[in-house]
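The sequence and the model are shown first, and the description follows.

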Amino acid sequence: MKKLETYLMLSFLFLVAPNAHAEDASEVSVVYLKQNVIKTVEQNGQEYQLWLKRPDQNTAKPFFDVCSGTGLLIAIDNQPYLVTASHVGKKMTPSALIIIKGTDDTPIAITFIDLIAPQTKLNWIIHNQADVAVLPITTTNLEVRRKIAKHFLGIEILVKEESAPDREFDLTILGFPLNLGVEGKFSPISKTSRAASGLLTLPRADTKTKATFFLLEDPSVGGFSGAPVFVKPGTVIKGGAFMYRKGFNYLGIVHGTISDRTGGKFAAVIPSKYVVDTLRQAHETLQQKEKATGQPENPGDKK
């Protein structure tokens with residue numbers, strides 16, 4: 001009986017944040033990702049680690065820099081996933097931190113190793129074209145499951161078509177630029193902008209390979225990489241007519257900033273279709289693994 005109760009409790013813990021309050025739920029579901037890395041400098045085409053030594057000491061110590069980004073927690077059939085930009089996810093090690101919203105806006109830090117099942121590796125599912133990474137959350141740690149309970153948005157709020165948003169509507173980016181919003185109180189930073197383009201094929205900032213984006217009128221800010229872009233319900237005037245948009249939707253994920261020497265800058269956003277594709281690939285892979293082993297990856301998700 002105790003085993004059954006544990007399974008039922010685990011199933012209950014991963015109920016998705018209610019869509020009736022999608023705007024509030026999005027703030028709960030957005031997370032801060034942090035990895036301390038040794039700072040590097042480039043000299044004569046070579047990359048070197050930066051170590052510091054005081055004149056009165058014989059040993060040097062590494063100079064650590066913070067590699068950070070934003071992620072979003074999404075669930076498919078109560079199976080939870082972490083979504084971020086792949087150039088952020090690839091830098092996260094098992095000791096990296098994911099910081100979520102706790103009671104009374106208290107930041108709660110969880111190590112990446114605690115998000116996955118014991119004796120397994122961080123198995124990021126990476127899109128083969130877009131800057132998107134998805135991490136299945138497979139932890140069996142009850143305490144971690146309690147902490148992240150109801151922090152997940154349902155996949156149904158993601159726009160599944162390859163499209164750019166209407167330019168008349170305000171869009172909201174939610175994340176942690178400049179490492180703000182995670183000290184003392186958990187308070188994601190929001191930035192409002194509008195689409196400045198339709199779909200464009202542009203080289204990625206990290207790999208230089210071509211991918212599909214739409215641009216925003218304003219630039220991004222360091223730390224917004226991986227941040228979700230939302231559109232809220234509302235009314236705008238176009239010409240002499242009113243346009244009304246209903247529903248709260250996830251439109252894409254922030255890649256970075258496109259700029260040139262004149263100072264022109266636009267935020268580049270990956271359409272949510274590529275996030276949906278990567279989530280479905282991750283979910284299918286997890287289900288195949290479950291069939292192969294004969295038991296669910298998340299004990300309690302199946303009764």
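## The pairing around β21

In this predicted model, Ile253 stands opposite Ile270 of strand β21. Strands β20 and β21 run antiparallel and are joined by 7 bridges. Together they form a hairpin with 5 residues between the two strands. Gly263, located in the turn, has a positive phi of about 100 degrees.

Strand β21 also pairs with β16, again in the antiparallel sense, over 3 bridges. Here Leu216 has Ala267 of β21 as its bridge partner. Strand β21 is mostly covered, since 5 of its 7 residues are buried, a term that means under 20% relative accessible area.

## The nonpolar cores

The largest nonpolar core holds 36 residues, and those that touch the most other members are Ile74, Val83, Leu158, Phe230, Tyr250, Val275 and Leu279. Two or more residues each are given to this core by β1 (30-38), β6 (64-76), β7 (79-84), β16 (210-216), β20 (249-259), β21 (265-271) and α5 (272-293). The largest share, 6 residues, comes from α5.

A second, separate core of 24 residues includes Ala75, Met92, Ile100 and Ala133.

Which residues does Phe230 contact, leaving aside its neighbours within four places in sequence? The contacts of Phe230 are Ser26, Leu72, Leu153, Ile157, Asp170, Leu171, Thr172, Leu174, Phe248, Asn249 and Tyr250. One of these, Tyr250, is listed with Phe230 among the core residues that touch the most other members.

Pro94 is found in the loop between α3 (86-89) and β8 (97-101). Its relative accessibility is 41%, so Pro94 counts as partly exposed.

Not counting residues up to four places away in sequence, Pro94 touches Thr111, Phe112, Ile113 and Leu122. Of these, Ile113 is 19 residues from Pro94 in sequence, while the C-alpha atoms of Pro94 and Ile113 are 4.6 Å apart in space.

## Salt bridges

A search of the whole structure finds 8 salt bridges. One of them links Asp56 with Arg54, where the closest N and O atoms are 2.9 Å apart. Asp56 counts as exposed because its relative accessibility is 56%, and the cut-off for that class is over 50%.

Two other salt bridges lie within helices. In α4 (residues 142-148), Arg146 and Glu143 are 3 residues apart, about one turn of the helix, and their side chains meet at 3.5 Å, N to O. Both residues are partly exposed: Arg146 has a relative accessibility of 41%, and Glu143 has 42%.

Notes. Residues numbered from 1 in each chain as written. Predicted model: local features only at pLDDT ≥ 70, side-chain atom pairs only at ≥ 80, totals over all residues. Heavy atoms only, no water. Core = buried A, V, L, I, M, F, W, Y, C linked by side-chain atoms within 4.5 Å. Buried < 20%, exposed > 50% of the residue type's maximum accessible area, 1.4 Å probe, protein only. Helix = DSSP H or I, 4+ residues; strand = E, 2+ residues; numbered from the N terminus. Contact = heavy atoms within 4.5 Å. Pairing = 2+ DSSP bridges. Salt bridge = Lys/Arg side-chain N within 4 Å of Asp/Glu carboxyl O.
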